[in-house]
Amino acid sequence: MGSERTPPLQTKLPAVGTTIFTVMSALAAEKGAVNLGQGFPDFDCDPKLVQAVTDAMSHGLNQYPPMAGIPQLRAAVAAKIETMYGHTYDPGDEVTITAGATQAIITAVLAIVRPGDEVIVLEPCYDSYVPNIELAGGTVVRVPLTPGTFRPDFAKISAAITPRTRAILVNSPHNPSATVWTAAEMRQLEELLAPTDIFLISDEVYEHMVFDGEQHQSAARFPGLAARAFIVSSFGKTYHVTGWKVGYVAAPRALTTEFRKVHQFNVFTVNTPVQHGLASYMADPQPYLQLPAFYQRKRDVFREGLKKTRFRILPSEGSYFQCVDISKVSDLKEEDFCKWLTSEIGVAAIPLSAFYGNGFDQRVVRFCFAKKEETLNTALGRLAKL
């Protein structure tokens, strides 16, 4: 007797509970609401991609691949980056295939951040960044993007840098605000970091979703940034297969060496047939080259429908998100409004306050428009009641 006692455990992540994404998705399912909360498509990927993976399985490509990823896929990634952004990465030593972008980010953090190091995050930010830094023993330094526009405030970023700053996390196109960093802003970041030894983790998972004829300004385009950057992207986002959880990291050789030391022991390697399918599918660049137009059409349909509501529509320069100001619709706080909207109107959204450490409430919520046209039209029909 008494041997069945579970030892007490002190949590490493005391601030982490059930995420708002889980809460809102469960509520949407319960209420039969259209879920425009979580950021994933409700439509299928290209059947050719599924066939390419099926063919790889059928041809016996089902055992462990090389730890860093199959050479064909790493070569395809390096070729794409060189063509689009003008920077050459050695696919052997500078490109690593990962189990999605979230794994890529925590692996980069664990590779470089030591206990006591400071890491700058720009809020609002994707919800994995802060726990990743905390798990590495680092100190999170939160710098707000400019409220209202979500542009980077370089005076505030500069003021946050100390001798203990180890890295900065940047995300463009940005989740949740849908802003896209300009070339001038990337050059400003390059100048700011030039005299320092600060690393850059550049989250570029929405790189192929930039609208209105603008270009994605990858850190790879800027030599001073590329030399210190882990550049993260996602096949799941690009090819509408978020559940496959495959991404990649491109980084200079010395950074990749450290990255792979962690990668080898937190996932070892990534799904073999999916890698072969992706490598074969990437031979044709059209699927990602047409992505801006594909998602811009969805964005424009959604924005046009939102004009029939009392929401104030914020810019959506990239990603597959649309933010709106709810001030003229409701006096509720963002989270309460999202729960009300899901329960009473039948459309799920995400409060922007969920992307801030202090729950900063600026009366803005986020929708995802990576949905079939009929899904968007159903949601817009319900939102028109507002």
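Author: Let us begin with a definition: an axis is a line fitted to C-alpha atoms, for a helix over the stretch in contact, and an angle runs from 0 to 180 degrees between N-to-C directions. In this predicted model, helix α13 (residues 291-306) lies across β9, β10 and β13, and α13 runs at about 15° to β10.

Reader: What makes α14 a helix that packs on the sheet, and what angle does its direction make with that of β13?

Author: Contact means heavy atoms within 4.5 Å, and α14 touches β12 and β13, with its direction at about 45° to that of β13.

Reader: Why are β9 and β12 said to stand at the edges?

Author: The open sheet has 4 strands in the order β9-β10-β13-β12, with antiparallel pairing. β9 (312-313) and β12 (350-351) each have a single partner strand, so one side of each is left without a neighbour in the sheet.

Reader: How do you know that β10 and β13 pair?

Author: Two strands pair if there are at least two bridges between them, and strand β10 (residues 321-325) is joined to strand β13 (residues 364-368) over 5 bridges, in the antiparallel sense.

Reader: Why is α1 called roughly parallel to α14?

Author: Helix α1 (residues 20-31) and helix α14 (residues 334-345) pack at an angle of about 20°, with their axes 9 Å apart. Since angles under 35 degrees count as roughly parallel, α1 is therefore roughly parallel to α14. Their crossing is right-handed, and the contact involves residues including Ile20, Val23 and Leu27 of α1 together with Cys338 and Thr342 of α14.

Reader: What makes strand β5 largely enclosed by the rest of the structure?

Author: A residue counts as buried under 20% relative accessible area; 7 of the 7 residues of strand β5 (residues 165-171) are buried, so β5 is largely enclosed by the rest of the structure.

Reader: Which strands are joined to β5, and how do they run?

Author: Strand β3 (residues 118-123) is joined to β5 by 4 bridges and runs parallel to it, with isoleucine 120 standing opposite isoleucine 168 in β5. Strand β6 (residues 199-203) is joined to β5 by 5 bridges, also in parallel, and alanine 167 has phenylalanine 199 of β6 as its bridge partner. From β5 the chain crosses through helix α7 (residues 183-193) to β6, in a right-handed β-α-β crossover.

Technical notes. Residues numbered from 1 in each chain as written. Predicted model: local features only at pLDDT ≥ 70, side-chain atom pairs only at ≥ 80, totals over all residues. Heavy atoms only, no water. Buried < 20%, exposed > 50% of the residue type's maximum accessible area, 1.4 Å probe, protein only. Helix = DSSP H or I, 4+ residues; strand = E, 2+ residues; numbered from the N terminus. Right-handed = clockwise from strand over helix to strand, strands pointing away. Parallel < 35°, antiparallel > 145°, perpendicular 65-115°, else oblique. Left-handed = near helix turned anticlockwise from the far one by under 90°.
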